[in-house]
Amino acid sequence: MTRRNGFTLIEMMIALLIFALLAAAGVSLLSFGVRAQAVAGKKLDDIAALYRLDGVLVADFAQAVPRQARDEGGALRPAFEGENGQTLLRLVRSGWDNVDGAPRPSVQKVAYVLSEDGAIQRVAYPMLDGTTPLPSAVMLTNVAAVSLRYRLAGAWADKWQARAEAPLPDAVEMTITRTDGTVFRELFLVGTGNAMAAGATNAG
């Protein structure tokens, strides 16, 4: 009698079960890797946004000038305004590049606004006096709150009151609270061309 070599039905079922377990494990590992990569990418994008905000703030604060400007209604505003509300900061800065030779000054009015959806936006104006702003640029999202303090002659204050002899503060402290509870504290010198502390300090 001829004996045929092969697999029994039970052996085939066991082999299929092992293959299914290995395939499920592979899919789980691949799914975990994709999720981890997405989370890491989002975190890196968030860190990059924070550093971009720092860089722009460093440049704006360092080049702040004591030049008053008029708002859209024609009212004369101080050269530097700081609040703890929706409009966080408003200032006039120098060093605005004019690569296309447009008929405009080399100084620019800019403002920082905390929108209702928790985004810090930078608003720039094409002219110093009485013009509507250009489209705003979103600098950082997922922001729960922003608080500001101002240093003048060695003393810190929660509100900035410009005076004729002191149109600009010496330094600004910005504390950013993110929606996940993380707190960043940043310090900047004003009108000096240098930053007191480049980059964010994690305070939470």
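Residues are numbered from 1 along each chain as its sequence is written, and side-chain values use heavy atoms, with hydrogens and water left out.

Let's start with confidence. The average pLDDT (the predictor's confidence in each residue, from 0 to 100) is 82 for the protein, and 84% of the residues score at least 70. The stretch to watch is residues 193-200, where the pLDDT is below 50; beyond near neighbours in sequence, this stretch has 17 contacts in the model (a contact means heavy atoms within 4.5 Å). Where pLDDT is low, the predicted coordinates should not be read in detail.

Now the layout. The protein has 1 helix and 12 strands, taken as DSSP runs numbered from the N terminus (helices are H or I with at least four residues, strands are E with at least two). Starting at the N terminus, the order of elements is α-β-β-β-β-β-β-β-β-β-β-β-β. Among contacts between residues at least 6 apart in sequence, 45% join residues at least 24 apart. Of the 204 residues, 32% count as buried; buried means under 20% relative accessible area, exposed over 50%, and partly exposed in between, using a 1.4 Å probe and protein chains only.

Next, the charged pairs. Side chains of opposite charge can pair when their charged atoms come close. Here the count comes to 9 salt bridges, each one a side-chain nitrogen of Lys or Arg within 4 Å of a carboxyl oxygen of Asp or Glu.

One of them joins aspartate 60 and arginine 122, at 2.9 Å from N to O. The two partners come from distant parts of the chain, 62 residues apart: aspartate 60 sits in helix H1 (residues 9-62) and arginine 122 in strand S6 (residues 120-124). Aspartate 60 counts as buried because its relative accessibility is 1%, and arginine 122 also counts as buried, at 18%. Arg93 comes in too, as Asp60, Arg93 and Arg122 are linked in a network of salt bridges.

Arginine 185 belongs to strand S11 (residues 183-189) and lies 12 residues from glutamate 173. As for accessibility, glutamate 173 is buried at 8%, whereas arginine 149 is partly exposed at 29% and arginine 185 is partly exposed at 34%.

Stay in strand S10 for a moment, as arginine 178 lies there too. With a relative accessible area of 5%, arginine 178 is buried. Leaving aside neighbours within four places in sequence, arginine 178 is in contact with several residues, among them Asp46, Leu140, Ala144 and Phe184.

Glutamate 116 lies in the loop between strand S5 (108-114) and S6, and is exposed, with a relative accessible area of 82%.

On a 1 Å grid over the protein atoms alone, a cavity is a set of points where a 1.4 Å probe fits but cannot get out, and lining residues have an atom within 4 Å of a point. The lining includes Ala69, Arg77, Glu81 and Lys109, and strand S4 (residues 87-93) gives the most to it, with 3 residues.

Lastly, leucine 76 is in strand S2 (residues 76-77) and is partly exposed, at 47%. Leaving aside neighbours within four places in sequence, leucine 76 is in contact with Gln68, Ala69 and Arg70.

How values were computed
This is a predicted model: local features need pLDDT of at least 70, side-chain atom pairs count only at pLDDT 80 or more; totals for chains, interfaces and linings use all residues. On a 1 Å grid over the protein atoms alone, a cavity is a set of points where a 1.4 Å probe fits but cannot get out, and a pocket is an open set with protein on both sides within 12 Å along at least five of seven lines; lining residues have an atom within 4 Å of a point.
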